[in-house]
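Student: I have a model open and would like to go through it. Can we take it piece by piece?

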There are 2 protein chains.
Amino acid sequence: MLEESQPAPRPRAGRTMAGRRRLRHALTVAAIDLFLKQGYDATTVDEIASAAGVGRRTFFRYFRSKEDAIFPNHEEVLQDIERLFAGADETRNPVEVACAGVSLVLDFYLADPDVSVKRYALTRTVRSLRDKEVASVDQYQRVLAGYLRGRFERVGDPLADLRGSVIAAAVAAAHNHVLRRWLRSGGAGDAHADAEQAFRLVVEAFPPAGGTARQDAGETVVAVLRSSAALPDVVNEINAALRRAEAE
Amino acid sequence: MLEESQPAPRPRAGRTMAGRRRLRHALTVAAIDLFLKQGYDATTVDEIASAAGVGRRTFFRYFRSKEDAIFPNHEEVLQDIERLFAGADETRNPVEVACAGVSLVLDFYLADPDVSVKRYALTRTVRSLRDKEVASVDQYQRVLAGYLRGRFERVGDPLADLRGSVIAAAVAAAHNHVLRRWLRSGGAGDAHADAEQAFRLVVEAFPPAGGTARQDAGETVVAVLRSSAALPDVVNEINAALRRAEAE
DNA sequence: AACTCTAGTGGCACTGCGTGCCGTTAGCAA
DNA sequence: TTGCTAACGGCACGCAGTGCCACTAGAGTT
């Protein structure tokens with residue numbers, strides 16, 4: 001097999017980390033091209049590996065499965081997001097921080113428009129690839145939800161978990177919407193500007209509920225209420241907030 | 001193979017639709033039990049099929065893959081939701097209609113607590129099963145987003161697509177939150193009541209669009225107060241804040 | 001220069017999923 | 001009885017994914 005039909009000059013991969021990333025990327029490009037050319041099901045892992053000049057066994061040292069071949073290394077981006085959250089200003093609106101976090105994902109896609117656009121053509125077509133992509137989105141969403149929940153818990157929000165999950169989903173959806181638009185346009189247009197607008201919709205929908213500046217816990221209470229709420233409910237909410245604050 | 005080791009009395013499935021559903025459910029139960037007992041990877045499709053008294057080939061006529069075995073028939077629920085949307089009152093708040101739609105999913109899980117709880121134990125543990133579940137959630141979310149987008153477009157909302165996606169994600173997340181809580185509790189508690197509260201959070205975050213742009217202005221009031229303030233002062237402050245908000 | 005240590009690679013064999021194909025069987029109608 | 005249809009079981013095949021092991025290329029170590 002693979003007699004002299006290999007145009008690739010056998011990169012042979014360095015043992016350095018940069019070499020690993022180069023080979024990984026080469027495999028991704030090979031997979032995407034083959035999937036687009038002859039279909040996902042009709043492409044074997046052998047073909048992908050051969051096209052990248054490596055053995056089939058090596059392919060599975062870079063990707064867990066055939067489906068994973070076309071996706072970027074989400075682990076790296078996830079770690080970047082966690083770092084951003086860990087060093088985020090605690091006085092800043094948590095929803096905005098979450099948006100900043102998910103923007104790192106957007107940057108990742110924008111960094112390689114060619115691959116991103118081709119991948120999108122595949123995830124639209126092949127069900128199993130779409131499922132994988134959805135699963136990765138869910139991973140990001142979990143990280144966002146975890147951060148938001150932590151922030152909300154720290155201000156005594158009894159619905160911290162719910163609110164964190166809902167807002168994380170909204171932020172992720174806003175991001176996905178912008179990304180999809182950009183991908184459908186073939187990688188043209190200012191995705192960051194669109195993202196600003198999309199994020200604003202979410203930020204305004206979930207106004208900061210005591211997140212702003214109450215590090216001096218116990219002294220100030222921030223209550224967010226609908227103006228249409230009945231006054232007795234308002235007083236109840238205030239009392240509840242006071243109790244939460246004093247409980248700390 | 002399968003000499004006399006079959007306790008199942010060979011249901012032999014009717015050819016009726018009800019027979020099909022019964023066998024499908026029997027396969028699901030068999031799969032869940034085996035997965036829980038001896039692990040997902042250690043269980044083969046042969047074993048599942050044998051436990052249900054059918055051949056391996058028949059299993060794949062009821063489920064596309066081994067992973068699908070433990071999940072309900074989402075197609076039916078999706079169709080129910082579409083029907084509900086098709087017959088929904090056009091004057092009703094679209095977000096509430098979306099919540100009503102996703103409630104059908106909740107009902108579906110609540111209808112069989114035993115299976116649902118066991119399935120949850122698996123989707124928490126086995127990555128590929130969790131991915132499948134996430135993919136199914138995405139399907140529901142798409143249906144919700146499609147309905148919402150249609151409603152928003154019909155009111156001339158220029159951000160109909162974005163808003164539809166974001167709210168669908170929020171509604172789905174609220175539903176998932178409630179469902180997870182219920183599943184973690186082992187199927188106890190009033191999930192519908194929790195859902196009411198969770199949905200309210202989303203509905204209030206995205207009030208019916210009279211004006212598309214800034215619908216939250218004048219709707220919410222943020223009061224920052226010292227916790228040592230006397231309650232009457234608190235109420236006065238709230239009233240003042242309300243007046244300010246209404247003056248805009 | 002020979003030697004070891006380590007890390008990445010390729011090949012081989014094996015399990016099991018998923019599918020196409022076909023013969024068989026059960027019901028239904030005339 | 002004779003078709004006709006629909007579902008089932010069995011068989012074989014391709015290929016994904018994994019464990020195992022031998023091989024090779026640096027990077028020291030002496």
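Student: How is chain A divided into domains?

Tutor: This is a predicted model. In it, chain A is split into domain 1, residues 17-69, and domain 2, residues 73-247.

Student: How many residues of domain 1 of chain A are in contact with domain 2 of chain A?

Tutor: Eight, and they meet nine residues of domain 2 of chain A. On the domain 1 side of chain A, the residues touching domain 2 are five nonpolar, one polar and two charged.

Student: Now the DNA. Which residues are closest to DNA strand D?

Tutor: A:Ser65, A:Lys66, B:Val54, B:Gly55 and B:Thr58 are the closest, out of 16 residues that surround DNA strand D.

Student: And which helix gives the most to that surface near DNA strand D?

Tutor: α3(B), with three residues. Helices α2 (45-51) and α3 (56-62) of chain A, as well as α3 (56-62) of chain B, each supply at least two.

Student: What is the surface near DNA strand D like by class?

Tutor: Seven charged residues, five nonpolar and four polar.

Student: Different topic. Where is B:Leu106?

Tutor: B:Leu106 is in helix α5 of chain B, which covers residues 94-110.

Student: Why does B:Leu106 count as partly exposed?

Tutor: Because B:Leu106 has 19 C-beta neighbours inside 10 Å, and a residue is called buried at 20 or more.

Student: Which residues is B:Leu106 in contact with, leaving aside neighbours within four places in sequence?

Tutor: B:His175, B:Val178, B:Leu179, B:Ala191 and B:Ala195.

Student: What separates the C-alpha atoms of B:Leu106 and B:Tyr140?

Tutor: A distance of 12 Å, with the two residues 34 apart along the chain.

Technical notes
Residues numbered from 1 in each chain as written. Chains lettered and ligands numbered in written order. Predicted model: local features only at pLDDT ≥ 70, side-chain atom pairs only at ≥ 80, totals over all residues. Near = placed C-beta within 6 Å. Helix = DSSP H or I, 4+ residues; strand = E, 2+ residues; numbered from the N terminus. Nonpolar A, V, L, I, M, F, W, Y, C, P; charged D, E, K, R; others polar. Buried ≥ 20, exposed ≤ 12 C-beta atoms within 10 Å, placed from the backbone. Contact = placed C-beta atoms within 7 Å. Domains from an automatic or database assignment.
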